[in-house]
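Dear colleague,

I am handing over the structure below, together with a summary of what was found in it. Please read the summary with the structure open beside you.

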Amino acid sequence: MSTAGVATPAPVAAGTGVETMTYREALRLAMRQEMERDERVFVMGEEVGLFDGSYKVTAGLLDEFGPDRVRDTPISEEGFLGAGVGAAMLGERPIVEVMTLNFLLVAMDQVVNHAAKIGAMFGGEVRCPLVIRTPNGAGNQLTAQHSQSFDGWFAGTPGLKVVAPATPADAKGLLKAAIRDDDPVLVIENLPIYKEKGEVEVDPDLVTPIGRAAIAREGSDLTIVSHSFATVRALHVAEKLAAEHGVSAEVVDLRSLRPLDVETVANSVAKTNRALCVEEGWPSYGVSAELAARIQHACFDDLDAPVERVGMAEVPLPYAKELELAAMPNEDRIERAALRVLDLAV
Amino acid sequence: MAAIDSTAAPVDPAVGNFYERYRTMFLIRRFEEAAERQYKAARIGGYCHLSSGQEAATVGAVAALEPDDLLVTGYRCHGFALARGVPADAVMAELFGRANGCAHGRGGSMHLLDVSRGYYGGWGIVGGQMPIATGMALSLVRRGAEQAVLCELGDGAVNMGAWHESLNLAAVWRLPVVFLVINNLYGMGTSVARASAETDLFKRAGSYRMDGERVDGDDLEGVEAATGRLLAQARKERRPAVLEAVTYRYRGHSVADAGLAYRSKEEIEEHRREDPLVRTRELLEARGVPAAGLDAIEAEVEAEVEASVAFAEQDAPPSVEHLAAGMYRPGSEEQFERMRPGSPFGEAELVFAGGLGE
């Protein structure tokens, strides 16, 4: 498979093989493979076709699959996301790309009041096999309205499934799982993570199961729980903790937010006795809040320190670079929180 | 079903259809009356939105559907479900929240559906059904089907953003959907005049270069003809359209609303004098259908409605053990098995213990 040249369609590799590729290329590979496998799969969203995707994730797919299966939409998130819901109810398998998670707000009603309710509200008579793909994340001074990560809002919604891959391999595996799942799945990507590279098994039949966290780094002194770009940050901090403080930190990459693999987290905390939860979003009422509640309940006797949380500072993100850097869950803040949990804070 | 008594004047075979339409209109009227009684007896809870007075618009529009066309509606949907052929038993049982209701007691009055009859709900958020209907039409186009979608909505929904986004999408992508605006002059307690800058609601279709028409919603044949023509155009030429059917509801917004805070008794009485049910019966008699035949159907319908209440009463409620039934596709239990540790009190027992099946 070609990893160079965004617009070059590539043949699907038959069988197994590992290639290094970026997160965005892994997503593209997953979509290409699933679209080849199942003609009901199609992509809809703003600029996904002619523009090659605002973040180039769908680049080349229009040339390969044509305008019926890669549909450019008007700027109407509520309209085209709801259209995805309707098409899914009739058995299509739409992948609706929302340019960023911030823009999902205008379509909240279709996601929460419609997609998430269909299975239960209609007594199981009809399903909604919809995939919504959208990046969260901040950085690059995109300012307040374009820098949000309210993953928790969706992860807290019964009837939805929510996944958040942190590696190219999981981006491919989880997007495939989402496409093949008969339920509405929100795939939360991330802006800075699109360019991260990693090894990916190109086998078209390899799917990452939903509801399973991964141990991204084994350790014994501290459990850092994270998802999405926060996992990338956590891994850097873990290295620094090892090099500069002799601390062995275990990083649990959630991968899936609903269902949430609390068992893996609890097993890790039972081993390390200390937990730090990191997320891109606001911690209050967020994913880390849910984790802290679960950890204190499941691991009450194992904890040697209160659970700490690090997320985006709770302000609408300012423009000025210095302010933005300070507000993000940057590696300094994560490291200081880790040292506090370890009772090593100065 | 009682046959038309043909011993009197010869009856036009086309009247046979008309006769069925009248039966359905009468069924809706009596069903809604029974629903209101049962609601006041606290056997039906929540919201209960009745369509008494709107029978000609309901039955005329649904009669125009081909068997494989699709229907999507808002929450004033009992009449649409019955018109589409959902048995009265299944509808009443759903209103009672019983296991053999058409949504197995999990949706209630606002969320009726019958996928086998192409009826995809029954939606409670004003206008929320419009993008969904549009997406269904998109699916029909994708598979090259010669089918259309009829999307019902009220006069209040035309001011929602979803109206604008759905009509634009349907027009720009040439989707086979007809948006049926049931204009009963009031969105809950707010008249069209107070809510809408453009009160000729059908004209709004022009913003999208889409066909828009208005029809007398109480003229059964007129509604059927207009809806049929627009559906055919949607199906064959992929031309979406708006059809505004002007009618009136005799009861309040829902059973809980007396319907008098925003309109006068005189106004209601004036509309009742033009009752489409009476009008349709008179038309049938004028075309030679004997009164005895019509009386016979009416008695039959009344028995059917009574039987549906009896059915609902004896039907069992869904099992509490299966609180989560239907929420996720069967087999999803495996995905959730690691989510139990640390769950809030009772969650693991209430939600996940019974699994996702019935």
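This is a predicted model: local features need pLDDT of at least 70, side-chain atom pairs count only at pLDDT 80 or more; totals for chains, interfaces and linings use all residues.

B:Val320 belongs to the loop that runs between α11 (291-314) and α12 (333-336) of chain B. This residue counts as exposed because its relative accessibility is 63%, and the cut-off for that class is over 50%.

**The interface between chain B and chain A**

The two chains meet through 50 residues of chain B and 59 residues of chain A. The size of an interface is often given as the accessible area lost when the parts come together. For chain B and chain A, the buried area is about 4500 Å², and carbon and sulfur atoms give 59% of it. Within chain B, the residues that lose the most area to chain A are B:Arg142, B:Gln335 and B:Arg338, which together account for 18% of what that side buries.

Polar interactions also cross this interface. There are 31 residue pairs in polar contact between chain B and chain A, with both residues at pLDDT 80 or more. Four elements of chain B, namely β2 (119-122), α5 (129-142), α6 (161-172) and α12, each supply at least two residues of the side that touches chain A. The largest share of that side comes from α5(B), with 8 residues.

**Salt bridges**

Over all chains, the count comes to 51 salt bridges, and 6 salt bridges are found across the interface of chain B and chain A. In one salt bridge, B:Arg143 is paired with A:Glu92, and their closest N and O atoms are 3.8 Å apart. How are these two placed in their chains? B:Arg143 lies in the loop between α5 and β3 (149-154) of chain B, whereas A:Glu92 lies in the loop between α3 (77-89) and β4 (93-97) of chain A, so the pair joins two chains. Is A:Glu92 buried or exposed? A:Glu92 is buried, with a relative accessible area of 5%, while B:Arg143 is partly exposed at 46%.

Another salt bridge lies within chain B. B:Lys236 is paired with B:Glu146, again with the closest N and O atoms 3.8 Å apart. B:Lys236 is part of helix α8 (residues 220-237) and B:Glu146 sits in the loop between α5 and β3, so this pair ties together parts of chain B that are 90 residues apart in sequence. Both B:Lys236 and B:Glu146 are exposed.

B:Glu213 is in strand β7 (residues 211-216) and B:Arg229 is in helix α8, so the pair links distant parts of chain B, 16 residues apart. B:Glu213 counts as partly exposed at 22% relative accessibility, and B:Arg229 is likewise partly exposed, at 42%.

Finally, salt bridges that share partners join A:Asp68, A:Arg71, A:Glu92, B:Arg142 and B:Arg143 into one network. Two of its members, A:Glu92 and B:Arg143, form the salt bridge described above.

With kind regards

Key:
Residues are numbered from 1 along each chain as its sequence is written. Chains are lettered from A and ligands numbered from 1 in the order in which they are written. Side-chain values use heavy atoms; hydrogens and water are left out. Buried means under 20% relative accessible area, exposed over 50%, partly exposed in between (1.4 Å probe, protein chains only). Contact means heavy atoms within 4.5 Å. Buried area is the accessible area (1.4 Å probe) that two parts lose on being put together, summed over both. A salt bridge is a side-chain nitrogen of Lys or Arg within 4 Å of a carboxyl oxygen of Asp or Glu. A polar contact is a pair of N or O atoms within 3.5 Å; within protein, one must be able to donate a hydrogen and the other to accept it, and residues adjacent in sequence count only if both atoms are side-chain atoms.
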